[in-house]
Amino acid sequence: MSINNKRGQVTIFIIVALVIVAAILVFFLWIKPSYITPTTGQFAFESCVEDVIEEEILTLGETGGYIKPEFYYNYQGYKIPYYCYTNEYYKPCVVQQPLVKQNFEEQLLLASKEKIYSCFESSVDEFKARGYDVREGEKKLNLEINPEEVVVKLNAPVTLSQETSQRFTDFEIKINSPIYDLLMISTSILQFEAKYGDSDTSTTMFFYPNLIIDKYKQGEGTTIYLLEDKQTRTKLQFASRSYAWPPGYGLVESGIEG
Amino acid sequence: MKKLTLTKLLLTSIIVITIFASLVYAAGTRSQPSVCCEKTNAGAYCINTEPANCDAQHQQSPTSCETTSYCKTGTCYDSKEGICMSNTPKLLCDQAGGTWDAKSEEDLPQCNLGCCIIVDQAALVPLVRCKRLSSLYGVEIDYRNEIKSEMECIATATAKEKGACVFEEDFSRTCRFETREECDAQEEVETIVNGTAQGITNEKTFYEDYLCSAEELGTDCARQASTDCYEGKVYWLDSCGNRENIYSSDKDLSWNNGRVLDADEICAPNDGTNKNCGNCDYLLGTRCAEFESGLLNIGGGPENGDYYCKKTVCEDSEGNERKNGESWCVYDGDHGKGKDPVGSRHYKAVCVDGEVHVEPCADFRNEQCIYDSIETEDGEFGVAQCRVNMWQTCLQKVTKESCENEAKGDCKWLPPVTGLLIGEAQGTAKPGVGPQAQEAMNQQAFPEAGDTTTQGTEGEAFPETTGTGTGAAITGQALFGGDDDKDKETDEDTETNRPSGVCVPDIPPGFDFWKKGDAQGICGQASAKCIVKFEKPLVFGDRECVENCECLETEWGTQANTICSSLGDCGGYVNYIGEYGKKGYSWIVEDELKEVPKPKVAIGRNIGIPEEETETETTSPTGNSIIVDLINNLKGDK
């Protein structure tokens, strides 16, 4: 084989390599298929969703995971829901909220749904303003609270057309949050309250040094539990009344009304 | 005619039965609570209460909730999270999407606990919970059913070897510092030839004991970019955010040529004196924390990064140093020995990472704070706990031995008081004053004096009397019945039903005396009546006290009042803000009101280190004649 032939082969290889590199650059920089970026892709509404979720978690946590607590104890201006309650003395409480995490997820979804849709719509409006033809399908929102994060899953079929068409369906946004730990510790406290009427919070604090866990016993037998993440200041507070003792012998009044 | 009589009889019977049934029903409805509300007006579920409190749109049954189908409690099982919740009504469990079972948690196989190991952590949880946790943390399930003890479970979870997990991502060669299991490497390459990692493919590769920043691995993670806390110690982090070795300002020593190095080989366990060594030690009282530099970093923070070993010791309100995890009691003033002020409560304080958390024990002194300390190599380690105050049976105990048996109650033994009667009076409807006391206030029972006169109690609290006899009495209302018999007064001797001493609560309970309750009843259990006898010469000279003369002394009133205030918020005593309430007693000698000196009580938050028990010498006055009234009411004036 002559040297010229070899040079020719090298040139072809270089050209092929350049074409491949150019194709890859075009593919990733311009086309950006939605299946490669399974998150929000060009839809810049992540930070909006993040703000909504963070704000709603803070608000919900102050009222024990309820948008409007129905059965609650008034404590320092907060409506703190009873997770476990009995109106009688010397008796264990009856659990009022057995699935604490699921309830929080449901209420968080309810509280943030419209706002998240609004975040998405704002993003869609931006595309419309830039001359895109936008076709949308029915939206579905789901969220899950996992360790250290809240995962928001938005199913919103949308097609953007200008010269070419792009179709997006699923958007997944992960937001850092300590709420999972707070909910799981609350569940554990609730298990103790329902069985023994009390829970040793100081031991739990040593296992979770990033959390503050305080309990405040009230005069009529209610205990307020306050869990707070030191860093993010995310709170979860709830009430329980279990194995309450009356003042004196408690012979006259048997308890408080339910 | 016969038919008419029969009809009349039948009608009469129906009417009688109807009236009887109505009466029975009416009697039944008076006993409360009478129904099980599925939901109350306030929004609570499954509550035994009065029918008027039930939400009309939900069910109610005239029976206890335990016997209803909709409110029977059992275990609610969350099959997704693998969590069991006992004492849950079926209705609520079903509504929440759980699976309800009438069996207790212990009897349900899906709630049985076992040891779940997640990397180097462990928890005693049901199997399904372990599966869920393993899936959340992305590791294979490791569940040991045979381990039932939490301590054994924690001990099982040992630190697993960690290393650099190298892989390709976004056209760059990157790395995560994790365990072999977490890495899930397809191919294991642990040899480095001529300073270059061999056999790298697109798959993950695990390098045991290597840091991600090791030069040989050729990753995009640069060494020692920042610091952070992990398990209470300070660690270096590489530019990819992976944990490296323990932080030290001697960067080369800490980096150890990109190999994992034991913390103690980098720097000695830090007692908080060295800000440039991240080897914090829980037992030495240090823990990783962010350094708050303040203005111009005055105070000297760590040379690199923002984290250091912070001393976790706390300072209690008396300036004593408390170790991390140590707890102690805090009080509103004097405590124990019947000295707790009205409205006070006990508190437990805990030192957590340099911060003191104060947790109140149950109100009305239904709980007391108990304290003890453990001797350790580093000195005493205090442990406090709130526990139930067992005062209820104290007054029923009549011997010193049974009174001071700590296993059976929190009581203390006081010396006898002349004329003291326990449980001889009865309750009243007038708030703050027992019936007997009330009666005593409304009647006059001081007879005319003679040469030798005896005078009884039960007279007006503030009687207008003349004569030579004087009565001393502390009266009130009692829970166990028995009114002082006023007909016996005049000629009887001074009597006491506690001749050897009185057993009273060590920590007097508090009452909600502003509400209708049994506070009056408890205060009224103690009453004292002392008949002091005088002799008067036939012709000249003043009368002379011959029996029970001590009852006229202030000391007698003080002793009697001590019994009253030991029962609870009774008698004359000081409240938690230091105000003295005199309305809790009436001490009448002849027709004059006397005052008990204000008890000396320390007020203000203080630390409770138990004092040595000291036996105080008290006189035990005995004798008879004359009457002094001291009516025991609620302390009031909260």
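**View 1. The two domains of chain A.** Chain A is divided into domain 1 (1–31) and domain 2 (61–99 + 179–241), with bounds from an automatic or database domain assignment. The C-alpha centres of domain 1 of chain A and domain 2 of chain A lie 66 Å apart. This is a predicted model: local features need pLDDT of at least 70, side-chain atom pairs count only at pLDDT 80 or more, and totals for chains, interfaces and linings use all residues. Residues are numbered from 1 along each chain as its sequence is written, and chains are lettered from A and ligands numbered from 1 in the order in which they are written.

**View 2. Helix H2 of chain A.** H2(A) runs over residues 46–62. Helices are DSSP runs (H or I, at least four residues), as are strands (E, at least two), numbered from the N terminus. The 17 residues should span 24 Å at 1.5 Å a residue, and the end C-alpha atoms are 25 Å apart, which agrees. The expected span is 1.5 Å times one less than the number of residues. Just after H2(A), Gly64(A) takes a positive phi of about 60 degrees.

**View 3. The buried side of H2(A).** Val49(A), Val52(A), Ile53(A), Glu56(A), Ile57(A), Leu60(A) and Gly61(A) are the buried residues of this helix (20 or more other C-beta atoms within 10 Å of their own, C-beta atoms being placed from the backbone). They cover an arc of only 150 degrees around the axis, so they sit on the same side of H2(A). The arc is taken from the directions from the helix axis to the C-beta atoms.

**View 4. The side of chain B that touches chain A.** Here 53 residues of chain B are in contact with 42 residues of chain A (C-beta atoms, placed from the backbone, within 7 Å). S5(B) gives the largest share of this side of chain B, six residues.

Methods
Two residues are in contact if their C-beta atoms, placed from the backbone, lie within 7 Å. A residue is buried if 20 or more other C-beta atoms lie within 10 Å of its own, exposed if 12 or fewer, and partly exposed in between; C-beta atoms are placed from the backbone.
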